[in-house]
Amino acid sequence: MSGAGLAGSEELLADQAVQQGSARQLLRRFLKHRLAFASAIVLLVLIVVCFGADWIAPFPQGKQDLLLGPTPPSAEHLLGTDELGRDFLSEILYAGRISLAIGLFVALLSTLVGTALGAVAGYVGGWLGELLMRITDLFLIIPAIALLAVIVQGLGPSPVTIVFALTALGWTYIARVVRAQVLSLREKDFIEAARGIGASNLRIILSHLLPNLAGVIAVGMSLAVASAIIAESTLSFLGFGVQSPQTSWGSMLSQAAGYVGTPQVYLLYFPGLFILVTVLAVNFIGDGLRDALDPQGKHL
C-alpha cells in the first residue's frame, strides 16, 4: 500500500473513532436526563402497544356487546366499555395507531421541508431568502384550524389527507428557527474555511451547517409530533378529522363529548389522558435531545 493510501486509511479510521465516541457521549448525556429517558420508555411502550394492538389488545377492534352497553372499568374491561359495549382499552389502542402515525409522519415531513427551506433561506439569502420567508410569514398568519378544516373537507377526511394538510402548515416554525441559526453560523470561521477550499453551497449546508443544528432540529421535530397530535385531535373533535369506521384519540373525544356530567364521563377522560401523556413524553424527549446535543447551550 502506498504512503498516501495508508494515510487516507488512518484518517478514515480516526474519523470513525471520533464519530463512535461522539455517539457514546450523546447517549450518556441523554441517559442522564432522567425525565427524557423515562419519557422515551413511555413513548416506546405506547408505540408498541398501539401498533401491536392486533396481538396485545384484549378484544378485537369493533367487537360489540349491545346488551352490555357502557360500563365502568372492571377486571374484565380495564377501561370500561362504550355505548356499543366495545372494550374501551382495545378501542383506544387501535385509535392510537392513527394518532401516533399522523403525529410521526407530520413531524418527519414538516421537519424535512422546514429544515430545507430554512437552511436555503438563511445561507443563500438575497431575494430567494426573502421570498421564502415572506411565504413562511403568509402561512403563519393564516387561521390554521379554519384552513385545515377547509382542506380536509375538500380532499376528504382520510389520515393521508390530514398528514399532508398538517404538513403544509407545520413546516413554518422549524423553517424560521433553522434560518435564524444558519444566519448566525454562516459567517463563522469554519464556514469561511469550507468556502476557501472550494466546497459547494450544498456541501456546506449538508456537511457543516446541519450537523451544528442537530439540537434545534431535534427539538423542532419533537414539538412537531406533539403539535400534530393536538391538531389532529382538535380537527377530529370538531368533526373534520378521522371518520368512522376509523378512529383516533381525537375522534373518541368527540364521540364522548355528550357524556360530560354523566357516569360515563370516563369515555372522555381516557382518550384525553393518552393524548396528554403522549404530548408530554414527546416534549420531554425533545428537551433531553436538546441538552444532549448542545450540553453547553443555555435554554429558557
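Student: What does Asp 54 count as at 47% relative accessibility?

Tutor: The classes are buried (under 20% relative accessible area), exposed (over 50%) and partly exposed in between, with a 1.4 Å probe and protein chains only. Asp 54, at 47%, therefore counts as partly exposed. Keep in mind that this is a predicted model, in which local features need pLDDT of at least 70 and side-chain atom pairs count only at pLDDT 80 or more, while totals for chains, interfaces and linings use all residues. Residues are numbered from 1 along each chain as its sequence is written, and side-chain values use heavy atoms, leaving out hydrogens and water.

Student: Which residue forms a salt bridge with Asp 54?

Tutor: A salt bridge here is a side-chain nitrogen of Lys or Arg within 4 Å of a carboxyl oxygen of Asp or Glu. The partner of Asp 54 is Arg 97, with 3.4 Å between the closest N and O atoms. Helices and strands are DSSP runs numbered from the N terminus (helices: H or I, at least four residues; strands: E, at least two). Arg 97 is also partly exposed, because its relative accessibility is 23%.

Student: How many salt bridges does a search of the whole structure find?

Tutor: The search finds five. One of them joins Asp 82 and Arg 86, at 2.7 Å from N to O, and both of these residues are buried. Another joins Arg 134 and Glu 130 at 2.6 Å. Arg 134 and Glu 130 lie four residues apart in helix H5 (residues 126–141), about one turn of the helix. Arg 134 counts as partly exposed at 44% relative accessibility, and Glu 130 does so at 41%. A network of salt bridges links Glu 130 and Arg 134 with Asp 137 and Arg 176.

Student: Now for helix packing. At what angle do H2 and H4 pack?

Tutor: Two packed helices are described by the angle between their axes and the distance between the axes. Axes are lines fitted to C-alpha atoms, for helices over the stretch in contact, and angles run from 0 to 180 degrees between N-to-C directions. For H2 and H4 (residues 88–124), the angle is about 120° and the axes are 7 Å apart. The two helices are therefore oblique to each other, given that under 35 degrees is roughly parallel, over 145 roughly antiparallel, 65 to 115 roughly perpendicular and the rest oblique.

Student: Is the crossing of H2 and H4 left-handed or right-handed?

Tutor: A crossing is left-handed if the near helix is turned anticlockwise from the far one by less than a right angle, and right-handed if clockwise. H2 passes H4 in a left-handed crossing.

Student: Which residues form the nonpolar patch on the surface?

Tutor: They are Leu 27, Leu 31, Phe 37, Ile 41 and Val 45, with about 430 Å² of accessible area together. Helix H1 (3–32) and helix H2 (34–51) each give two or more residues to the patch, and H2 gives the most, with three. Nonpolar patches join Val, Leu, Ile, Met, Phe, Trp or Tyr side chains within 5 Å, like charges being joined within 9 Å, from residues with over 30% relative accessible area and no salt bridge. Areas come from the Shrake-Rupley method with a 1.4 Å probe, and for residues only the protein chains shown count as cover. Leu 31, found in helix H1, is partly exposed because its relative accessibility is 39%.

Student: And the chain as a whole: how many helices and strands does the secondary structure come to?

Tutor: It comes to 13 helices and zero strands. Of the 300 residues, 41% are buried, and the C-alpha trace spans about 80 × 45 × 40 Å along its principal axes.
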